[in-house]
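Subject: Structure for your review

Dear colleague,

Please find below the structure that I am handing over to you. I would be grateful if you would read the notes that come after it with the structure open.

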Amino acid sequence: MQLEQYLDELRPLVNIDCGTQTTEGVAIIAGMMEKKYKDLGWHAEIVDLGKEVGPGVFATNKPGATQFDVLLIGHMDTVFPPGTAAERPMSTDETRVYGPGAADMKSGLLNILWALRALNDQDVARLSIAVAMNPDEETGSVYSHEWLGEYAKQSRYVLVAEAARADGSLVKARKGMVRYNIDFHGRAAHAGNAPEKGRSAITELAHWILAINQLGSAETGTTLNVGVVKGGDAANIVPDKAQAVVDVRFWDNDEYQRINTAINQMTKTAYVADVTTTVTQMAHTPAMSPSAETEKLMELVEKCGKEEGIPINWLAVGGGSDANHTAALGIPSLDGFGAIGADFHSLTEYVELDSIIPRIKLLSRIIRSL
């Protein structure tokens, strides 16, 4: 019965298009979550984070508090374009629930709420709890990370309810990320009549791709991926413009400094004479690594897991989350407190049905133990 109620509550959250850029969809999710917390008797408010993104939601059981025992974080946006929810709405089979954002992270939003609903009156009176839900995690929390950070700095601990890994592991460390937009400006010319008058932005871009690939390091785990390229207008025109988008991942924040310096230094010397290059940093998420205080929190989580009969294993993963930002502020932060799920950002994204209620109980026990 509990699981059926949960799925009935999850379905409306999954069946709304709310990619980061679909701000009207994110706003609908925000309104739904605000109401759920108000129905719980908590203070809840919609937060304007600017015209570029949808709103955030903040909720707490202690609206007058200046310090919180724990900040629970979840994001309301997905990576999917408009029309996806209609094409493949939430569905279930005997073992899994499917749908856009079901694991990443609509079920995580709901797991936080259900874990808080499970607290007794004494727990709610004793603890100061904050919940923050942001609208732009999938694009690096560019507009929300400072807002989240202000609450994190007022909190003893941060727990993020992204999905647990496919094997049930929680997340103790995540790679950092930086994303660059690189624009190349050359000179157009007729490719047949006067190619010598042209300066090819695409040729410059091609040299950059090879150079960027050389900046990676297998030893440190630093990777660079030129994931998007654009350029030119027609085959018979020497292209005067081109563009690349580069994704960088790193375990060590010193590697970010190395890569950032190298890429910006490359703009000073063109491979193709007279082509100019502009590098714009679009997003930056610092690497998340456990501190001594985080390791103490990990021990508490392991104790709670033993009490719930859930083995606790820890992973370091390549993808980033909002835990990266809060950990960088020095706040003990852990991640993976949603249900077990996998295949994020894909057609086959799923949540394991039999993990939902146990993981809610685990999260609730951890909160009570703080």
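This is a predicted model: local features need pLDDT of at least 70, side-chain atom pairs count only at pLDDT 80 or more; totals for chains, interfaces and linings use all residues.

Residues are numbered from 1 along each chain as its sequence is written, and side-chain values use heavy atoms, with hydrogens and water left out.

Overall form

The secondary structure consists of 11 helices and 18 strands; helices (H or I, at least four residues) and strands (E, at least two) are DSSP runs, numbered from the N terminus. The C-alpha trace spans about 80 × 45 × 40 Å along its principal axes. For 370 residues, a compact globule would have a radius of gyration near 21 Å, and the 23 Å of the protein agrees with this. That radius is taken over C-alpha atoms, and the globule rule is 2.2 Å times the number of residues to the power 0.38.

Of the 370 residues, 54% are buried. Here buried means under 20% relative accessible area, exposed over 50%, and partly exposed in between (1.4 Å probe, protein chains only). The accessible surface comes to about 15,900 Å², and 51% of it belongs to carbon and sulfur atoms; areas come from the Shrake-Rupley method with a 1.4 Å probe, and for residues only the protein chains shown count as cover.

Contact means heavy atoms within 4.5 Å. Among contacts between residues at least 6 apart in sequence, 79% join residues at least 24 apart.

There are 33 positive and 48 negative side chains, and the centres of the two sets lie 2 Å apart. Lys and Arg count as positive and Asp and Glu as negative, whereas His and the chain ends are not counted. The place of a charge is taken as NZ of Lys, CZ of Arg, CG of Asp or CD of Glu.

Helix 2 (residues 23-39) has 17 residues and reaches 24 Å from its first C-alpha to its last, close to the 24 Å expected at 1.5 Å a residue. The expected span is 1.5 Å times one less than the number of residues. Its buried residues are Gly25, Val26, Ile29, Ala30, Met33, Glu34, Lys36 and Tyr37. They pack against helix 1 (2-14), strand 1 (43-47), strand 2 (56-60), helix 4 and strand 6 (129-134). Just after helix 2, glycine 41 takes a positive phi of about 90°.

Helix 11 (residues 356-369) has 14 residues, which should span 20 Å at 1.5 Å a residue; the end C-alpha atoms are 20 Å apart, in agreement. Its buried residues include Ile356, Ile357, Ile360, Leu363 and Ile367, and also Arg359. An α-helix has 3.6 residues a turn, so residues three or four places apart point the same way.

Backbone features

Most residues other than glycine have a negative phi, and most peptide bonds are trans. A cis peptide bond joins aspartate 104 and methionine 105, with omega at about -5°; methionine 105 is in helix 4 (residues 102-117).

Aspartate 343, which is not a glycine, has a positive phi near 60°. Aspartate 343 is in the loop between strand 17 (341-342) and strand 18 (350-352), and is partly exposed at 36% relative accessible area. Histidine 345 is also found in the loop between strand 17 and strand 18. Histidine 345 has a positive phi of about 65° and is partly exposed, at 42%.

Individual residues

Arginine 88 is in the loop between helix 3 (84-87) and strand 4 (91-92), and its 17% relative accessibility counts as buried. Leaving aside neighbours within four places in sequence, arginine 88 is in contact with Phe80, Gly99, Pro100, Ser346 and Leu347. Arginine 88 and valine 14 are 74 residues apart in sequence, and their C-alpha atoms are 9.9 Å apart in space.

Threonine 277 lies in strand 14 (residues 276-285) and counts as buried at 13% relative accessibility. Not counting residues up to four places away in sequence, threonine 277 touches Ile182, Asp183, Phe184, Glu204, Trp208 and Thr267.

Asparagine 225, in strand 11 (residues 223-231), is partly exposed with a relative accessible area of 45%. With residues up to four places away in sequence not counted, asparagine 225 touches Val245, Val246 and Asp247.

Yours sincerely
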